[in-house]
Amino acid sequence: MTIDYEWRGDFGDDEVDALHAEGFNHPLVSNDWLNRVRRHSLGWVCARDAGGLVGFVNVAWDGGVHAFLLDTVVAGSHRGAGVGAGLVAEAARRARAAECAWLHADFEDDLRPFYVDACGFRPTAAGLIAL
């Protein structure tokens, strides 16, 4: 298995729709991912194995020094193989190159081993309001 990571890589909305539905356990819906990330993101990382999309992360930002990971997802067939950590590493490298000083990720406790142990995030307190 050779995984290729591409910053601001081309993808089809249907590819991310399918990956997102599998990864976040929700019904398949149609989203305009490409236009969304082009309008609102510093960039995104696509992970491909033999041409197929097996991972994706969106890197939103505030236009300044803060970047934010959203929609980090890896195909079930590729989980546990370091693909997610590779996505985050490339996102961090690119955010640093864009002169961001901080990369944020919100995650639930069950994902702590991934974000803290595998990716090197430092736990911090945060707040959330459901809207």
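**Entry 1**

In which loop is the place of arginine 8? I looked it up in this model, which is predicted. Arginine 8 sits in the loop between β1 (3-7) and α1 (13-23). I picked this residue for its phi, which is positive at about 55° although arginine 8 is not a glycine. Most residues other than glycine have a negative phi. I also checked its surface. Arginine 8 is partly exposed, with a relative accessible area of 36%.

I then turned to glutamate 99. Its phi is positive too, about 70°, and glutamate 99 is not a glycine either. I found glutamate 99 in the loop between α3 (83-97) and β5 (102-104). Is glutamate 99 buried or exposed? Its relative accessibility is 66%, so I noted glutamate 99 as exposed.

**Entry 2: cysteines**

How many disulfides does the structure hold? I noted zero. Cysteine 46 is in no disulfide, and its nearest cysteine sulfur belongs to cysteine 119, 17 Å away. Cysteine 46 counts as buried, at 1% relative accessibility. Cysteine 100 is in no disulfide, and for this residue the nearest cysteine sulfur is that of cysteine 119, 17 Å away. Cysteine 100 also counts as buried, at 11% relative accessibility.

**Entry 3: helix α2**

Next I looked at helix α2, residues 33-40. Which residues of helix α2 are buried? I listed Trp33, Leu34 and Val37. They cover an arc of only 95° around the axis, which puts them on the same side of α2. I recalled a general rule here. An α-helix has 3.6 residues a turn, so residues three or four places apart point the same way. What do the buried residues of α2 pack against? I wrote down α1, β2 (41-49), β3 (52-61) and β4 (66-74).

**Entry 4: the core**

I looked up the largest nonpolar core and found 32 residues in it. Those with the most contacts inside this core are Phe11, Trp44, Phe56, Val59 and Leu69. The elements that give two or more residues to the core are β1, α1, α2, β2, β3, β4 and α3. In soluble globular proteins, nonpolar side chains tend to be buried together.

Leaving out residues up to four places away in sequence, tryptophan 44 touches several residues, including Trp7, Arg8, Phe11, Leu34, Val37, Phe56 and Val59.

**Entry 5: aromatic rings**

How many aromatic pairs are in the whole structure? My search found six. I noted one of them, phenylalanine 11 with phenylalanine 56, as edge-to-face: 5.5 Å centre to centre, with 75° between the planes. Phenylalanine 11 lies in the loop between β1 and α1, and phenylalanine 56 in strand β3, so the pair ties together parts 45 residues apart in sequence.

Tryptophan 33 and phenylalanine 56 are both buried.

Which residues form one aromatic cluster? I noted Phe11, Trp33, Trp44 and Phe56. Last, I checked arginine 36. This residue lies over the face of tryptophan 33, at 4.9 Å from the ring centre.

Definitions and conventions: Residues numbered from 1 in each chain as written. Predicted model: local features only at pLDDT ≥ 70, side-chain atom pairs only at ≥ 80, totals over all residues. Heavy atoms only, no water. Disulfide = S-S within 2.5 Å. Buried < 20%, exposed > 50% of the residue type's maximum accessible area, 1.4 Å probe, protein only. Helix = DSSP H or I, 4+ residues; strand = E, 2+ residues; numbered from the N terminus. Arc of directions from axis to C-beta. Contact = heavy atoms within 4.5 Å. Core = buried A, V, L, I, M, F, W, Y, C linked by side-chain atoms within 4.5 Å. Phe/Tyr/Trp six-rings, centres within 6.5 Å; stacked < 30°, edge-to-face > 60°. Lys NZ or Arg CZ within 6 Å of the ring centre and 35° of its normal.
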